[in-house]
Amino acid sequence: MERTRAVLIGRRVTVLGAGIAGLAVARALALHGAQVTVLEQADQIREVGAGLQISPNGAKVLRALGLGDALAAAGPATEAIEMLDGETGSRVIRLDLEKLRPGAEYRLVHRARLIELLAAGARDAGVEIRLSQKVEDVDLSAGRPKLLTAMGETIEPDLLIGADGLHSRVRRALNGEARPFFTHQVAWRALVPCDDAEPKVAQVFLGAGKHLVSYPLGRGLRNIVAVEERWRWVEESWNLRDDPLTMLAAFEEFCPQVQDWLEAVREPWLWGLFRHPVARVWQGRGAVILGDAAHPTLPFLAQGAVMALEDAWVLAQTLAKYENDRVALGVYQSMRAGRCKAIVEAANRNARNYHLSGFQRTLGHFALRTASVFAPGQVLNRYDWVHGYDVTKEI
């Protein structure tokens, strides 16, 4: 990663949140010479029970940050993507990535491993990560950020970066309260044992009003994310447990392969899926947001983590390129807002497409089966604007 200018050397930057967005931007800025401190409210950096698909646009950022080898060690390369009929298990379409996109890097990674490699990369670049640092108040009223921690400490950085997720205090300070919309869908996530010799294929089992995604993560683990439409409200939280029998019952009509996986689930996590508006204001008064704090997305395009990586690259590069922070942050928002909004909207559309029923489902599966035979590449081409984008070439 080349240094574009020396404007960041010695700049005091505070990042709220030691997730993917926060750790990636911390490393990127530290490589440009900034003095970066990451504040994390948890007592340790940890992630539980979740896998990620890293598409080529995200892998390119990690390689540009000097973390390509660590990514390759963190999870297997994706061989193919399959969509299947959930009830029969019959294949609807297979997209062989090794043939259709030779050389493109798709990875299947446990979220905890990605967090670990980003944390190690941040520390290696000189970032200070402070744990058990709950922030009680974010004040931008004076035109300069001021933070008050639960321990009574006041922090006044040169720049505040909000990588503090769905319920971001920095987003609230910039935009006021947002009103998310419950989609009447819930998702379970779980890990089950997996033979590492199994094909590295991401599979989507489609059903009426529900679907299930599964793929191996390496090191003996398989990731499962199962989504069901329901009217009963569920909290938007990554920390709710559910009874594995409830998850099993929700997919009782699905094929034996899915049943075998679900019977192995011991501790599923449950969360409600909400639509959030993309933030209107991403930056100002010495503060800026990225990742879920700026553009939360539904998990139907596998781009939440990847958008955060793209954000982190662009934010660091613009701050390093422009002397004036206001100009740099304005360029950052202008480069990212439109693309992120388009990705969020595409994920919303997939939520509907995955859950078709009746004649629409029959017709949709027929069209995909036909495309699988005659033009599988055309199906993958629909997302070239997402996966084929290289943000590291933009600045």
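Helices in this account are DSSP runs of H or I with at least four residues, numbered from the N terminus, and their axes are lines fitted to C-alpha atoms over the stretch in contact, with angles running from 0 to 180 degrees between N-to-C directions. The model is predicted, so local features need pLDDT of at least 70 and side-chain atom pairs count only at pLDDT 80 or more, while totals for chains, interfaces and linings use all residues. Residues are numbered from 1 along each chain as its sequence is written, and side-chain values use heavy atoms, with hydrogens and water left out.

Helix α2 (residues 56–64) packs against α9 at an angle of about 40 degrees, and their axes are 9 Å apart. The two are therefore oblique to each other, a word for angles that are not under 35 degrees (roughly parallel), over 145 (roughly antiparallel) or 65 to 115 (roughly perpendicular). Their crossing is left-handed, meaning that the near helix is turned anticlockwise from the far one by less than a right angle; clockwise would be right-handed. Contact (heavy atoms within 4.5 Å) involves N57, G58, V61, L62 and A64 of α2 together with V306, L309, E310 and W313 of α9. Six of these residues are nonpolar, two polar and one charged; here Ala, Val, Leu, Ile, Met, Phe, Trp, Tyr, Cys and Pro count as nonpolar, Asp, Glu, Lys and Arg as charged, and the others, Gly among them, as polar.

Next comes helix α1 (residues 20–31), which packs with α9 at an angle of about 30 degrees, their axes 8 Å apart. These two helices are therefore roughly parallel to each other, and their crossing is right-handed. From α1, the contact draws on I20, A21, A24, V25, A28 and L29, and from α9 on A305, A308, L309, A312, L315, A316 and L319. By class, this contact has 13 nonpolar residues, with no polar and no charged ones.

Helix α10 (residues 325–353) also meets α9: the axes come within 8 Å and cross at roughly 160 degrees. The pair is therefore roughly antiparallel, and the crossing is right-handed. Residues of α9 in this contact include M307, V314 and T318, and those of α10 include L329, Y332 and I343. The contact divides into twelve nonpolar, one polar and five charged residues.
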